[in-house]
Amino acid sequence: MAAPVTPAARAEDSEAALNAALADVPELARLLEVDPYLKPYAVDFQRRYKQFSQILNNIGENEGGIDKFSKGYESFGVHRCADGGLYCKEWAPGAEGVFLTGDFNGWNPFSYPYKKLDYGKWELYIPPKQNKSVLVPHGSKLKVVITSKSGEILYRISPWAKYVVREGANVNYDWLHWDPEHSYEFKHSRPKKPRSLRIYESHVGISSHEGKVASYKHFTCNVLPRIKDLGYNCIQLMAIMEHAYYASFGYQITSFFAASSRYGTPEELKELVDTAHSMGIIVLLDVVHSHASKNSADGLNMFDGTDSCYFHSGPRGTHDLWDSRLFAYSSWEVLRFLLSNIRWWLEEYRFDGFRFDGVTSMLYHHHGMGQGFSGDYSEYFGLQVDEDALTYLMLANHLVHTLYPDSITIAEDVSGMPALCSPISQGGGGFDYRLAMAIPDKWIQLLKEFKDEDWNMGDIVYTLTNRRYLEKCIAYAESHDQALVGDKTVAFWLMDAEMYTNMSVLSPFTPVIDRGIQLHKMIRLITHGLGGEGYLNFMGNEFGHPEWLDFPRKGNNESYHYARRQFHLTDDDLLRYKFLNNFDRDMNRLEERCGWLSAPQAYVSEKHEGNKIIAFERAGLLFIFNFHPSKSYTDYRVGTALPGKFKIVLDSDAAEYGGHQRLDHSTDFFSEAFEHNGRPYSLLVYIPSRVALILQNVDLPN
């Protein structure tokens, strides 16, 4: 019988394992220094980093490096050659035969067969015509024909197709060869990475007040100037990658390399990005690599006649909740496809980075379904983690930041996986930011379940500040998720039916509308000031857009009524929406001037339950919030780290923001050497009910 392992021997083994991990992962020591509770999981970080390094090395040895590997779009798909001929290439490991057909050959399915290569690849070269004219004209229809091992003849769209359209009453999309004589030439360079990220989450299709799908042109001409005026320096574009089902909000991708044609042409999307750059606005793409549409006639599914190819075969290849297909991230050609897709959007359209959708689903074999994520570290390590998917995300972040060091990547992860936003050199995932997804849930919970006088100040502060040290968060009060049918926006939770009748300045300022307008501003400012290192707003919510989002579908008789944004409401001087719009604009402009998002986390000096007061300092500014529904406070003492004179620089009670003008902005506030709430100085200030204030020390140099 083997001798039992002694505690001393176990400790020795553990120490040896830790030392081995520290030797393998270049900066793991830094991560463990910041969070010593991760030490028991050092071996997990070691394994992840080694897998990432091994694949990167394999790519180097077999493909000439990730730079070449990520340019798959230069050879795969259909390409016009310099001699006027056509070169075509596909990966279809389960196919018996592959052919190209289309308008150019009268739709003869078998006249142009591909030649079989190693590793499931197929290629075809079609020589030029005698007169050197274009073999496949721009805009002509194409299809890849697959003969399966079971004898089926399948008509497919190339996974690398750059433009697909749905014509007339057709159910499926058609693949059009995109090869314009004059492609868009970019005129403006990419803006530098902003020190503070203020994101305007946008959907091109719903950006008009008209009941139709809006265009790239409309967004460029009408929405971009509004975004610039509001003080946002980043746009996050949703639903750009082609998706057959409009009501999926762009999350059931069918063609990964095609910009959605329902809004216009690829060249018009390039113009949109270029125009944003001319305004100093960076543009992020909402990239969906967590799953793909089940469509086979115009999607990736069953491309080669098998249920595998790009996806896991069997139950592992299907997401039960989303009814979609799941990528096999360990597959060499899937890695080529996805990494090339990342590069395509960076190079061809000049996007400045990505918001990765569905990261939680990717990270775990359970996809986050039925998981509460208590924060116990054991939830983030072990067999439940899909390390192939995590390795892919590390490779994607490595590629993005190697190609364009100023690029930005954001993870949509609800689980809170430690080190997801730490550098890869520390064993982390390499993301720049994660979405602070608990914050909107907290606001909705408070608005749904609690009276104003029962709001817990400590709970609000905890939710807004509960984030990992040195892992940056994007804070938001609400995103597109909260606007969707079945939920309500913050404005609608606050004001509901009265938004239809009492938003005119000519109508009485009812208690409901008054409360709604004041809390809408306060919720946004405290989220902006305390909740993260970046801020996000979904289009229209800045001014309290009424109602919800619902895309045309059978259940609503294909109506566009709720699939639009009524920006004209803010332009009407007789409506109160302008007040919320003004406040959002001035809040962003003040952040641009003072930079609290890029400053260290705030020092919270007060969270008083009885008085409903929250006070904190960040970036040399003093933020004061009075959430009490009725109590105002005269000569309320607030602590500060700074001596000297303070002035009001933002006041939610000002007339231009729909407030009650209870504060005199000419007042000087002087802090005195009177310790209060752990701060060496303090000042006395009048704080009206339901008001948010920012005071700035004017004795400090700007």
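Student: Where is Glu558 found?

Tutor: In this predicted model, Glu558 is found in the loop between strand 21 (534–538) and helix 16 (568–571). Glu558 also has a positive phi of about 60°, although Glu558 is not a glycine.

Student: Does Glu558 count as buried, partly exposed or exposed, and what makes it so?

Tutor: Buried requires under 20% relative accessible area and exposed requires over 50%, with partly exposed in between. The relative accessibility of Glu558 is 46%, so Glu558 counts as partly exposed.

Student: What is the phi of Phe373, and how do you know whether Phe373 is buried or exposed?

Tutor: Phe373 has a positive phi of about 50°, although it is not a glycine, and its place is in the loop between helix 8 (359–363) and helix 9 (387–403). Its relative accessible area is 15%, which falls under the 20% limit, and therefore Phe373 is called buried.

Student: Which residues does UniProt list for "active site"?

Tutor: The UniProt record, an unreviewed entry, lists Asp357 and Glu412 under "active site". They span 56 residues in sequence, yet no two of their C-alpha atoms are more than 5.5 Å apart, so they gather at one spot.

Student: How do the axes of helix 5 and helix 6 cross, and why are the two helices called roughly parallel?

Tutor: The axes of helix 5 (residues 216–230) and helix 6 (residues 266–278) come within 8 Å and cross at roughly 15°. Angles under 35 degrees count as roughly parallel, and therefore helix 5 and helix 6 are given that description. Helix 5 passes helix 6 in a left-handed crossing, and the contact is made by residues including Tyr216, Phe219 and Leu224 of helix 5 and Leu269, Leu272 and Ala276 of helix 6.

Student: In what order do the four strands form an open sheet, and what makes strand 1 and strand 4 stand at the edges?

Tutor: The four strands form an open sheet in the order 1-2-5-4, with antiparallel pairing. Strand 1 (77–80) and strand 4 (115–116) each have a single partner strand, so one side of each is left without a neighbour in the sheet.

Student: How do you know that strand 1 and strand 2 pair?

Tutor: Two strands pair if there are at least two bridges between them, and strand 1 and strand 2 (residues 86–91) pair in the antiparallel sense over four bridges. Val78 stands opposite Cys88 in strand 2.

Student: Which strands run in the closed barrel, and how many bridges join strand 10 to strand 11?

Tutor: The closed barrel of eight strands runs 10-11-14-17-18-19-20-21, with parallel pairing, and its neighbouring strands are turned by 25° against each other on average, direction ignored. Strand 10 (residues 197–203) and strand 11 (residues 234–238) run parallel and are joined by five bridges, with Tyr200 standing opposite Ile235 in strand 11.

Conventions:
Residues are numbered from 1 along each chain as its sequence is written. This is a predicted model: local features need pLDDT of at least 70, side-chain atom pairs count only at pLDDT 80 or more; totals for chains, interfaces and linings use all residues. Side-chain values use heavy atoms; hydrogens and water are left out. Buried means under 20% relative accessible area, exposed over 50%, partly exposed in between (1.4 Å probe, protein chains only). UniProt positions are given in the numbering used here, feature names are shortened, and annotations may be inferred rather than shown by experiment. Axes are lines fitted to C-alpha atoms, for helices over the stretch in contact, and angles run from 0 to 180 degrees between N-to-C directions. Angles under 35 degrees count as roughly parallel, over 145 as roughly antiparallel, 65 to 115 as roughly perpendicular and the rest as oblique. A crossing is left-handed if the near helix is turned anticlockwise from the far one by less than a right angle, and right-handed if clockwise. Contact means heavy atoms within 4.5 Å.
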